[in-house]
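Subject: Structure handover

Hello,

Here is the model for you to look over. My notes follow below it.

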Amino acid sequence: MTQQSETPAHTVAAPEEDAPAALPPLSPSSPPPSSPPPSSPFSPSSSSPSSSSPLAPPAGPRPLGERRVWPRSFHDRLTSPLPGLRALARFAREGAVRPGKEGLADIPRLPVAPASAPRVDARTIAVTWAGHASWVVGIGGLTVLTDPVWSRRILGTPARITPVGVPWEELPRIDAVVISHNHYDHLDAPTLRRLPRDTPVFVPGGLGRWFLRRRFTRVTELDWWEAAELSGVRFDFVPAHHWSKRTLVDTCRTLWGGWMLTAPDGQRVYFAGDTGYGHWFSRIGRRYPDIDLALLPIGAYDPRWWLSDVHCDPEEAVRAALDLGARRMAPMHWGTFVLSAEPVLEPLTRVRAAWEKAGLERDDLWDLPVGGSRVLE
């Protein structure tokens with residue numbers, strides 16, 4: 001699928017020729033996709049035909065704020081089929097979307113340490129976990145927010161079970177925001193209304209209209225494998241095994257993915273957004289070598305038959321870090337909102353066990369409390 005820019009001097013790079021179709025969205029108002037059949041060429045258990053093919057170098061940056069013309073649908077990017085009637089019937093019959101009393105009993109034990117984000121210089125990377133997929137990232141002298149959700153509630157989901165890790169009034173000046181996709185737990189209108197409308201925002205293809213309607217003036221939309229630059233920091237939009245949906249009539253109308261942030265000195269932070277496990281991780285790692293830190297989701301995975309295509313479990317997240325070749329991993333997407341049926345503390349215990357089983361250095365697992373920070377010099 002190709003797109004056309006309204007700026008004739010700049011053509012839009014089409015997805016790589018072996019790019020699979022996209023995953024369905026996990027929104028509070030709609031169910032996630034069922035697992036693909038074993039024979040599916042895009043099943044995480046099957047080998048990708050592109051796993052050993054050479055990759056082109058990253059493309060040059062596109063203009064900031066460029067107005068784009070996008071296709072009506074991104075269904076062809078799905079890496080798993082949308083759930084059919086059989087899957088929906090099974091979910092209605094046996095699907096548990098919240099843990100029972102025992103699974104919620106550990107809420108008081110969830111690690112929480114609210115604090116301000118550290119101030120760092122342009123040669124230093126710092127990350128602070130605000131909860132769920134919201135990070136305050138200091139890189140190349142910029143402060144970047146990822147999928148900012150400071151609200152106590154999101155549509156269709158119980159209130160957050162831990163406080164926001166960084167009080168809004170204690171945030172440094174925000175230089176940019178990156179959005180992975182349009183689900184309510186990643187695209188939160190009340191939080192975004194707090195930002196100045198001239199804040200640079202980097203979003204997936206097709207999602208720019210949402211921000212322009214809310215009078216944001218510096219909105220850059222990107223396709224997979226495209227990039228833009230702001231003050232020397234490069235923002236690359238990369239594929240994810242997920243989907244998009246915000247209303248009853250907009251399934252896969254906007255794209256989804258993750259972000260690779262690269263400082264002028266080459267330091268890299270990968271923000272995966274929301275994703276299942278699959279072949280994209282190894283491709284991202286080969287195209288963007290020497291990732292210093294991968295921010296990877298480890299929660300909202302049970303029941304597995306229902307959520308495996310769109311959410312990594314902790315063991316898969318560790319595999320993804322290895323596929324990426326990342327030096328360090330920081331878990332996210334757990335301990336904030338109760339979105340699925342696993343016990344609330346289980347993602348943390350499982351990711352620690354998987355990290356140890358893989359023989360990785362304990363110090364390279366940045367399993368931060370909500371509000372915790374780490375600095376990479």
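Tryptophan 224 and tryptophan 256 are both buried (buried is under 20% relative accessible area, exposed over 50%, partly exposed in between, with a 1.4 Å probe and protein chains only). This is a predicted model, in which local features need pLDDT of at least 70, side-chain atom pairs count only at pLDDT 80 or more, and totals for chains, interfaces and linings use all residues. Residues are numbered from 1 along each chain as its sequence is written, and side-chain values use heavy atoms, with hydrogens and water left out.

**Aromatic pairs**

The count comes to 15 aromatic pairs. Rings of Phe, Tyr and Trp (its six-membered ring) pair if their centres lie within 6.5 Å; planes under 30 degrees apart are stacked, over 60 edge-to-face, and the rest tilted.

Tryptophan 210 and phenylalanine 211 are edge-to-face, because their ring centres are 4.9 Å apart and their planes at 70°. Tryptophan 210 is buried at 7% relative accessibility. Phenylalanine 211 is buried at 0%.

Tryptophan 224 and tryptophan 256 also form an edge-to-face pair, with 6.4 Å centre to centre and 80° between the planes. Tryptophan 224 sits in the loop between strand S8 (219-222) and strand S9 (226-230), and tryptophan 256 in the loop between strand S10 (233-238) and strand S11 (258-262), so the pair ties together parts 32 residues apart in sequence. Helices (H or I, at least four residues) and strands (E, at least two) are DSSP runs, numbered from the N terminus. Ring pairs link Trp224, Trp225, Trp256, Trp280 and Tyr288 into a cluster.

**Backbone**

Most residues other than glycine have a negative phi, and most peptide bonds are trans. Here are the exceptions to check.

- The peptide bond from aspartate 302 to proline 303 is cis, with omega near 10°. Proline 303 is in the loop between strand S13 (293-297) and helix H6 (304-307).
- Cysteine 252 has a positive phi of about 60°. Cysteine 252 lies in the loop between S10 and S11 and is buried, with a relative accessible area of 0%.
- Arginine 215 has a positive phi, near 70°. Arginine 215 lies in the loop between H4 and S8 and is exposed, at 69% relative accessible area.

**Surface**

Which residues form the positive surface patch? They are Arg193, Arg197, Arg209, Arg213, Arg214 and Arg215. Patch residues have over 30% relative accessible area and no salt bridge, with like charges joined within 9 Å. A salt bridge is a side-chain nitrogen of Lys or Arg within 4 Å of a carboxyl oxygen of Asp or Glu. Arginine 213 lies in helix H4 (residues 208-213) and is exposed, at 58%.

Best wishes

Methods: Patch = residues over 30% accessible without salt bridge, like charges linked within 9 Å, V, L, I, M, F, W, Y side chains within 5 Å. Areas by Shrake-Rupley, 256 points an atom, 1.4 Å probe, with all protein chains shown as cover. Lys, Arg positive; Asp, Glu negative; His and termini not counted. Charge placed at Lys NZ, Arg CZ, Asp CG, Glu CD.
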